[in-house]
Amino acid sequence: RNVFVSDEKMMMQRNIRRLLPLIIHQLILSTLKCKAFINEIAYKGSADQCNGDDWIELFNTGSSEVNLLNYVLHDDKGRDHGNAKTFPDMTMAAGEYKVLCKGADFNFGIGSSDTITVLDNNGTTLSTAALPGTGSDDQTYAYFGDTSNYQYTMTPTPGTVNVYTEPKSLKQQLEEQNDAG
């Protein structure tokens, strides 16, 4: 067995030991980077929010505040469409939910099978949510971290943590409508 290590190998090991903490630090910083994430979408609005108009909820998943200056919110017509929203100087604290209302905060309408996207100030996509077109008017399309998926829910939660309530079947909806007269 060779007990002597070549100078080249020792130098490589020394460099790895020196650079490893820097690499780990950069990985940690990249995971803590703040992010404006699409958390919930009400494409037919909800009674108690935004005067019943469409709304989109953003959530800052990062550990520090984020300035949304020159971030872009758009639907499937794209970032260059006249109704795309370019944000002014506006901050979101770490862990903050921000509800954006159609007419007040953005001008495009949200369709049942629309795609909503948030771009950062460099044009990089931060979050995209594609509504599948299968929800009903009284549901929101919300992100659930435990499943890492968007799902329709019967419980709108603007400004707070999403709550999953199983959507009613068409049969249940028709029965309730019939019972109501």
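Reader: Where is Ser148 found?

Author: Ser148 is found in the loop between β10 (140-144) and β11. Helices (H or I, at least four residues) and strands (E, at least two) are DSSP runs, numbered from the N terminus. This is a predicted model, in which local features need pLDDT of at least 70 and side-chain atom pairs count only at pLDDT 80 or more, while totals for chains, interfaces and linings use all residues. Residues are numbered from 1 along each chain as its sequence is written, and side-chain values use heavy atoms, with hydrogens and water left out.

Reader: What is the phi of Ser148?

Author: Positive, about 55 degrees, although Ser148 is not a glycine. Ser148 is partly exposed, with a relative accessible area of 48%. Buried means under 20% relative accessible area, exposed over 50%, and partly exposed in between (1.4 Å probe, protein chains only).

Reader: And Asn51, what phi there?

Author: Asn51 also has a positive phi of about 55 degrees without being a glycine. Asn51 sits in the loop between β1 and β2 and counts as exposed, at 79% relative accessibility.

Reader: How many disulfides does a search of the whole structure find?

Author: One. A disulfide here is a pair of cysteine sulfur atoms within 2.5 Å. Cys50 and Cys101 form it, with their sulfur atoms 1.9 Å apart. The angle about the S-S bond is -65 degrees, and the link is left-handed. Cys50 lies in the loop between β1 and β2 while Cys101 is in strand β7, so the pair ties together parts that are 51 residues apart in sequence.

Reader: Are those two cysteines buried or exposed?

Author: Both Cys50 and Cys101 are buried.

Reader: Sheets next. In what order do the five strands of the open sheet come?

Author: The order is β7-β2-β1-β10-β11, with antiparallel pairing. Two strands pair if DSSP finds at least two bridges between them. The edge strands are β7 (97-101) and β11, each of which pairs on one side only. From one strand to the next the twist averages 30 degrees; the axes are lines fitted to C-alpha atoms, for helices over the stretch in contact, and angles run from 0 to 180 degrees between N-to-C directions.

Reader: How many bridges join β1 to β2?

Author: Six bridges join β1 (residues 36-42) to β2 (residues 55-60), and the two run antiparallel. Within this pairing, Glu40 has Glu57 of β2 as its bridge partner.

Reader: Which residues touch the most other members of the largest nonpolar core?

Author: Ile38, Ile56, Leu73 and Ile116, out of 25 residues in that core. A nonpolar core is a set of buried Ala, Val, Leu, Ile, Met, Phe, Trp, Tyr and Cys residues joined through side-chain atoms within 4.5 Å. The elements giving two or more residues to the core are β1, β2, β8 (115-119), β9 (125-130) and β11. β1 gives the most, with four residues.

Reader: What is Ile116 in contact with, leaving aside neighbours within four places in sequence?

Author: Its contacts (heavy atoms within 4.5 Å) include Ile38, Ile56, Leu73, Asp75 and Phe108.

Reader: Asp75 is on that list. Is Asp75 buried or exposed?

Author: Asp75 counts as buried, at 3% relative accessibility. Its place is in the loop between β4 (72-74) and β5 (85-86). Leaving aside neighbours within four places in sequence, Asp75 is in contact with Phe108, Gly109, Asp114, Thr115 and Ile116.

Reader: And Ser169, where is its place?

Author: In the loop between β11 (149-153) and α2 (170-180). Ser169 is partly exposed, with a relative accessible area of 34%. Ser169 and Ser136 are 33 residues apart in sequence and 9.7 Å apart in space, C-alpha to C-alpha.

Reader: Last topic, confidence. What pLDDT does the chain average?

Author: The chain averages 85, and 82% of the residues score at least 70. pLDDT is the predictor's confidence in each residue, from 0 to 100. Over residues 25-32 the pLDDT is below 50, and this stretch has two contacts in the model beyond near neighbours in sequence. Where pLDDT is low, the predicted coordinates should not be read in detail.
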